[in-house]
Amino acid sequence: MASSIATRASAEADLPPPLKESGQREVFCGLTSIVWLHRRMPDAFFLVVGSRTCAHLIQSAAGVMIFAEPRFGTAILGERDLAGLADANEELDRLVAQLLERRPEIRTLFLVGSCPSEVIKLDLAKAAERLNRQHAGRVMVLNYSGSGIETTFTQGEDGALQALIPLMPSSSEQQLLLAGTLADAVEDRLIGLFQKLGIERVASLPPRRSTELPAVGPGTKLLLAQPFLSGTARALVDRGAELIRAPYPFGVEGSRDWMSAAAAAFGIAPAQVASVLDPLVERGQRALAPQRETLAGKRLFLLPDSQLEIPLARFLSRECGMELVEVGTPYLDRQLMAEELALLPAGTQLSEGQHVENQLLRVREQRPDLVVCGLGLANPLEAEGMATKWSIELVFSPIHGIDQAADLAELFARPLRRRAALSFA
Amino acid sequence: MELTLWTYEGPPHVGAMRIAASMEGVHYVLHAPQGDTYADLLFTMIERRDKRPPVTYTTFQARDLGGDTAELVKRSIADAVQRFEPEALLVGESCTAELIQDQPGALAAGMGFGALPIVNLELPAYSKKENWGAAETFYQLVRTLLKPQLPAPGAPKPDPARWRTEGRRPRVNLLGPSLLGFRCRDDVREITQLLGSYGIDVAVVAPLGARPADLQRIPTADANVCLYPEVAGTLCSWLERQFGIPCVRTVPIGIGATVAFLREVHSLLDLELPAELQPGADGVCEAERRSRLPWYSRSVDSTYLTGKRVFVFGDATHAIAAARIASRELGFQVVGLGSYSREMARELRSAAAELGVEPLISDDYLAVEAAIAEAAPELVLGTQMERHSAKRLGIPCAVISTPLHVQDVPARYAPQMGFEGANVIFDSWVHPLMMGLEEHLIGMFRHDFEFVDGHRSHLGDGAPSPSAATAAAAPAAAGAAPVAAPPLHAGALSWSPEGEAELAKIPFFVRGKVRKNTEAFARERGLAVIDSEALYEAKAHFSR
């Protein structure tokens, strides 16, 4: 498998140029990332500086399903705040003080910029500096933008991680740095495997405790666990890290390539990699077989949403035998996607950006067996007789790694099996 | 600036979407950034609708801001009109677009769509909220469509009894039911049937299921029924003023209100009051027998409901109705009444005054949770947010109002209004209480072999369970976690093990209250340790 990497560079030429689309986009904004980031870092609080719409959005995206007091909130701008900016800054200071008093366990406070705060040019970087002085030693205040005029939903995580990077200590020690939120259990498993391969030091960004930031420096080799971290990757490379080019850890093949690319970067012999991973690959493929039976030959249409579309399309076509009708992505970072694009079947139609009405027309024309889409579109497409998979579920579910490949495939097989199981005759 | 963790209402443009999505033939062009499209899932996921709401978003991005966003607005409007061929067009903006001041309504008006009615929605996002936005949109839409029919100033008001001279049945409009409202779909069916059984027709139901042409028929009715004041109140007042259409304002939730509603409709339409609606010697009218609630409530099985302490919070319409039903028709004691609907604060205050409780007008769910904890009720009637608060406090809860969750959009017929609505209410409020009772009985009979250790009730792990409390009082029970009864006041007070054990014998649903009272009593007396004697002293003190 490792040898196939060399042949890939030229393969992208087989792809037709992506459709560039511009029209109504039907994508969550970067604020949504709070919903998984606050679970990853329980000692952090995410304070959106925005409008009632922002508060309503996060609530709706999270479902009304969080039983504890949430670790996110919104500082809702009112008419008075819009009248004069100095006022808005004072108000923000007051709210932050109030919040910290109520929640003494908070160690890191993210001020999250929104559409209205960007449009009125409320300087949250300055506000964060000021608040850091006010609450020095007690809490760290950071800022990033999750606004819908700047970001689609997974880009919010990219922004949050970039806010953490300047605070990471420097170190030239040899280490592997995994970037991107993973489920804790999956992360433990992957770190265990890297150590079996012989990579001793493995760190993660974001960390499980917001204050325990990993170090970064010339000895750091960076492996992206999520494909939507363009800015994070650039910022870490600027801090001296070396980016390991690899496909993303979805599916048996992608996960193996991902880990073996890391092993290669650490000079670990392919034989060692094979001895650790090949039994897992064999087991993973066995686990995948029943799902493949459901999925093989089925036609898949991915609407642009989470930035996971291209790696998922690669997995579902190569390992599950699905036929790709169209693969949408909110934006295409050719550098970070190079390894993935090379693995897509020849002729795969990509689309970048979105014009939701035109895209839905193509969906209706093509009648795929399965559509990957956002929550707002799922039920209407189901009502038109097409099975759907919510893209946001893929950000929440533990789907990374060889051991999870069958679970990942099952997420796509289930809607199809369900349709087949129902009968009202 | 205001700190919000959860919010009861969305922004006003979501209210406008509720009106557009409730209707047929209406399209809404919303100048909004990418991300505001989340609102679609309120309809397709929570309400489980099978089609997208009829909304075209401009989804402008940062790079558009340097250029001509007004051009983007015009392009979106032109596309939407061409693609959807609406019979009426709503044009508005979300909070961010409001700041860039493109005035999409004015742009649309200048685009030359001929006879297409265009409604320019100006919904101030930084001072108003969802229900206000819905009410304003409904009013503006009807006003635009009825403009050609406006009677001349000083024209005589239509006679609500003209149905008689016109030789037809009387008819009314049902105004206010909308998507994302609480059980509107079933309320409309229930009230339509109910009115039909008295020979009264429904002319127009709006916005739910109406087309613009239906709205133009509103003046053909003899009276309006303001079914949901939060959404239809503004419109009904305007129709009363401008068209002289009288309005029925009693909301028929609960037996008493349903009967009062029917009497009001009859009197407004100059219909003779049927015998079954006339009060008998005992004050009971025959029509009440159409519901099982009055009998179930009188039956011996309901004796245990007597004086149950209940806390009510929701939109003003449902909260006021719930408080009335709880106190009069179920024999509960209302220990708290509140609403997030500031627009109807006056109505809620007077309902609270009638019940002798302090009204709570707030959209801070933490303040509501604190008020619930303070009142220590045995049942909470609230929104989905109170359901979570109640779960944390270990109190049974039934949901009576928006904001809602997919589980509040049931597949079965489950109205809140009319006589069937009263049946539904009886079941859905009393069952959580019975579950609470069951919990208590499990505690009482915990030594019986059926009640094995580790029994989990519907309240789940979050609730303080009676057996855990007992176990904590008897440290011999190995591995038992101490009960998580929240100390309501910080201080040097402590409970002796024997005092704790005595406290644990008290039914869990009043235990919080007893704990608090006892601690207050002990503090007053300067006691440092509360033992069983102190507990009984306090009990005697508070029962006076």
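**Helix packing and nonpolar cores**

Mentor: Helices α1(B) and α7(B) lie oblique to each other. This is a predicted model, in which local features need pLDDT of at least 70 and side-chain atom pairs count only at pLDDT 80 or more, while totals for chains, interfaces and linings use all residues. Residues are numbered from 1 along each chain as written, chains are lettered from A and ligands numbered from 1 in written order, and side-chain values use heavy atoms, without hydrogens or water.

Trainee: At what angle do the axes of α1(B) and α7(B) cross?

Mentor: Axes are lines fitted to C-alpha atoms, for helices over the stretch in contact, with angles from 0 to 180 degrees between N-to-C directions. Helices are DSSP runs (H or I, at least four residues) numbered from the N terminus. Under 35 degrees is roughly parallel, over 145 roughly antiparallel, 65 to 115 roughly perpendicular, and the rest oblique. Here α1 (residues 12-22) of chain B and α7(B) cross at roughly 50°, their axes coming within 6 Å. The crossing is right-handed (near helix turned clockwise from the far one by less than a right angle; anticlockwise is left-handed).

Trainee: Which residues of α1(B) and α7(B) meet?

Mentor: Contact means heavy atoms within 4.5 Å. B:Pro12, B:Val14, B:Gly15, B:Ala16, B:Arg18 and B:Ile19 of α1(B) face a set in α7(B) that includes B:Gly133, B:Ala134, B:Phe138 and B:Leu141. By class, the contact has 7 nonpolar, 4 polar and 2 charged residues (Ala, Val, Leu, Ile, Met, Phe, Trp, Tyr, Cys and Pro are nonpolar; Asp, Glu, Lys and Arg charged; the others, Gly among them, polar).

Trainee: How is α13(A) oriented to α14(A), roughly parallel or oblique?

Mentor: The axes of α13(A) and α14 (residues 334-341) of chain A come within 10 Å and cross at roughly 5°, which makes α13(A) roughly parallel to α14(A). A:Ile310, A:Pro311 and A:Arg314 of α13(A) meet A:Met337, A:Glu340 and A:Leu341 of α14(A). This contact has 4 nonpolar, no polar and 2 charged residues.

Trainee: How many residues has the largest nonpolar core?

Mentor: A nonpolar core joins buried Ala, Val, Leu, Ile, Met, Phe, Trp, Tyr and Cys residues through side-chain atoms within 4.5 Å (buried is under 20% relative accessible area, exposed over 50%, partly exposed in between; 1.4 Å probe, protein chains only). The largest has 211 residues, with A:Leu111 and A:Phe194 making the most contacts inside it. Helix α7 (residues 130-146) of chain B gives the most to this core, with 8 residues. Neighbours within four places in sequence aside, the contacts of A:Phe194 include A:Leu176, A:Trp258 and A:Met259.

How values were computed: Helix = DSSP H or I, 4+ residues; strand = E, 2+ residues; numbered from the N terminus.
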